[in-house]
Amino acid sequence: MNKNDLVRMLSSRLSLTQKDSILYLNTLLDIVSEELSEGNNIVLQGFGAFSRWEQTERIGRNPRTGVACPIHSRNSVKFKPGKFLLDRLNGE
């Protein structure tokens, strides 16, 4: 499923136009991005939690040549699924 598929599903389930659905989805994604960039966690009860974490600097290797090179530290996002999501995925 891609973003367009998700917009179509939102539109049909909520009886909205696709234009409204994409507006709502983009707004949600903007809010999540802003909050994570500010260092805040996002917890959606039963679904899961998004949290920001910093990957530390480390030494990597070029797989073709084997030459060591530094991989700089960067921010990333972790997702921890909630109980209800895990139960649904496992058919419980």
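At 29% relative accessibility, aspartate 5 counts as partly exposed, since buried means under 20% relative accessible area, exposed over 50% and partly exposed in between (1.4 Å probe, protein chains only). The model is predicted, so local features need pLDDT of at least 70 and side-chain atom pairs count only at pLDDT 80 or more, while totals for chains, interfaces and linings use all residues. Residues are numbered from 1 along each chain as its sequence is written, and side-chain values use heavy atoms, with hydrogens and water left out.

**Exercise 1**

Find the residue that forms a salt bridge with aspartate 5.

*Solution.* 
- Step 1: Recall that a salt bridge is a side-chain nitrogen of Lys or Arg within 4 Å of a carboxyl oxygen of Asp or Glu.
- Step 2: The partner is arginine 8, with the closest N and O atoms 2.8 Å apart.
- Step 3: Aspartate 5 and arginine 8 are three residues apart in helix α1, so about one helical turn separates them. Helices are DSSP runs (H or I, at least four residues) and strands are too (E, at least two), numbered from the N terminus.
- Step 4: Arginine 8 has a relative accessible area of 44%, which makes arginine 8 partly exposed.

**Exercise 2**

Count the salt bridges in the structure, then describe the one between aspartate 87 and lysine 83.

*Solution.* 
- Step 1: There are two salt bridges in the structure.
- Step 2: In this one, the side chains of aspartate 87 and lysine 83 meet at 2.8 Å, N to O.
- Step 3: Because aspartate 87 and lysine 83 are four residues apart in helix α3 (residues 83-89), about one helical turn lies between them.
- Step 4: Lysine 83 is exposed, at a relative accessible area of 56%.

**Exercise 3**

Work out how helices α1 and α2 cross.

*Solution.* 
- Step 1: The axes of α1 (residues 3-14) and α2 (residues 18-37) come within 8 Å and cross at roughly 120 degrees.
- Step 2: That makes α1 oblique to α2. Angles under 35 degrees count as roughly parallel, over 145 as roughly antiparallel, 65 to 115 as roughly perpendicular and the rest as oblique. Axes are lines fitted to C-alpha atoms, for helices over the stretch in contact, with angles from 0 to 180 degrees between N-to-C directions.
- Step 3: Residues making the contact include Leu6 and Leu10 of α1 and Ile22 and Leu25 of α2, where contact means heavy atoms within 4.5 Å.

**Exercise 4**

Locate arginine 58 and list its contacts beyond its neighbours within four places in sequence.

*Solution.* 
- Step 1: Arginine 58 lies in strand β3 (residues 58-61).
- Step 2: Beyond those neighbours, arginine 58 is in contact with Cys69, Pro70 and Ile71.
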